[in-house]
Amino acid sequence: MSRFLDTVAYNKVCQVKRPVFVEFGTKAYPDQEKNVFSRYLSHLVPLELSDNVMANVFIIDDELYASSETCHVWKINPTNLKCEKRIDLRDLVSVNLASSHPHICPDGSVYNLCASFMTGLRYHVMKLNPRKLPAGEKGFERGASIMTTISSSQKTTYSYYHSFALSENYILFLKQPLLVNTVKMAASGIKGYCVRDCLEWTPTMKEGKPGKNLVTLKDTQATAVIQENGVIFLTPETKGEAGVLLSVVLDVADGTRDFLMVIHAKTFEELGRAYIPRSVKLPPSVHARFRMH
């Protein structure tokens, strides 16, 4: 079974016959159902973010959710794939954006990397509280909190991110020089920009002064030292955490089978494979998984 998720953005497109929300590669058109003042205000302050949750699906407790990179998450009925409830993360914590790939820990805690731009450009680590078993609220009804906040080092841009990494002791945020220009984002309604038009590749971006160790965690031997040319040399922790990486391998040759590869997280040695039946073709994916043990 497959179907289009009947989100607000999808229903609006079907109703007015053109997109009215800014998407990654699609610009927004004026919503003719709004009055002139509302349309003008939405051009100046585009606060309505798309709920076109097309980036990821995940399970919290026994509930299925679909997500994108905005503040909207949809609870999906796994039987008929209908949208049951839209969760706005702004009702839980003060964030505007969230990554598509939250991490779910063995104790039931859920972590996600978020961002806010209404009160300054900041990154946030959001934690969804563990469920109190055997009873207790499920999914996003548990409530959430902000664990930590990092201010953007740029005044009008922040680093684009789609996911982040989580191990037993650390949260890893890769701050890359692919920046989102918030000035362009704010003008997207007037200029006709889509999200892709607001991305800027800035390979000369530097964080900190040359010779500075960017790792500020205590009780670790890991270092990340900036060189004069802007290159960052990484020295990993010698006492690495135990764990494995699970990576899906798609074999496109005829008569072959896709498989799940198990890799040692420290040495990257292949530990084993779990083959998929030939009758099953896995969809493409760009994300591996870290499993603690």
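Two strands are said to pair if DSSP finds at least two bridges between them, and the strands themselves (E, at least two residues) are, like helices (H or I, at least four), DSSP runs numbered from the N terminus. In that sense Ile104 stands opposite Val110 in strand E7. The structure is a predicted model, in which local features need pLDDT of at least 70 and side-chain atom pairs count only at pLDDT 80 or more, while totals for chains, interfaces and linings use all residues. Residues are numbered from 1 along each chain as its sequence is written, and side-chain values use heavy atoms, with hydrogens and water left out.

- Strand E7 covers residues 110-116 and is mostly covered, since seven of its seven residues are buried, where buried means under 20% relative accessible area, exposed over 50% and partly exposed in between (1.4 Å probe, protein chains only).
- Val110, Asn112, Cys114 and Ser116 point one way from E7, whereas Tyr111, Leu113 and Ala115 point the other way, and all of these residues are buried.
- Strand E5 (residues 97-98) runs antiparallel to E7 and is joined to it by two bridges, with Ala98 standing opposite Cys114.
- Strand E6 (residues 103-104) is likewise joined to E7 by two bridges in the antiparallel sense, and the two strands form a hairpin with five residues between them, in whose turn Gly108 has a positive phi of about 95°.
- Strand E8 (residues 122-128) pairs with E7 over seven bridges, again antiparallel, and here Cys114 stands opposite His124.
- E7 and E8 also form a hairpin with five residues between them, and Gly120 in that turn has a positive phi of about 110°.

**The sheet that contains E1**

- Strands E1, E2, E3 and E4 make an open sheet of four strands in the order E1-E2-E3-E4, with antiparallel pairing.
- Its edge strands are E1 and E4 (83-88), each of which pairs on one side only.
- Neighbouring strands of this sheet are turned by 30° against each other on average, direction ignored, with axes taken as lines fitted to C-alpha atoms (for helices over the stretch in contact) and angles running from 0 to 180 degrees between N-to-C directions.
- Five bridges join E1 to the antiparallel strand E2 (residues 63-67), and Val57 stands opposite Ala66 in E2.

- Ile60 lies in strand E1 (residues 56-60) and is buried, with a relative accessible area of 1%.
- The C-alpha atoms of Ile60 and Val110 are separated by 8.2 Å, although the two residues are 50 residues apart along the chain.
- Leaving aside residues up to four places away in sequence, Ile60 touches Tyr65, Ile104, Val110, Leu128, Gly139, Phe140 and Arg142, a contact being heavy atoms within 4.5 Å.
- The largest nonpolar core has 32 residues, and those with the most contacts inside it are Ile60, Tyr65, Leu89, Phe140 and Tyr161; such a core is a set of buried Ala, Val, Leu, Ile, Met, Phe, Trp, Tyr and Cys residues joined through side-chain atoms within 4.5 Å.
- The elements that give two or more residues to this core are E1, E5, E7 and E8, and its largest share, five residues, comes from E7.
- A second, separate core of seven residues includes Leu64, Ala66, Trp74 and Leu81.
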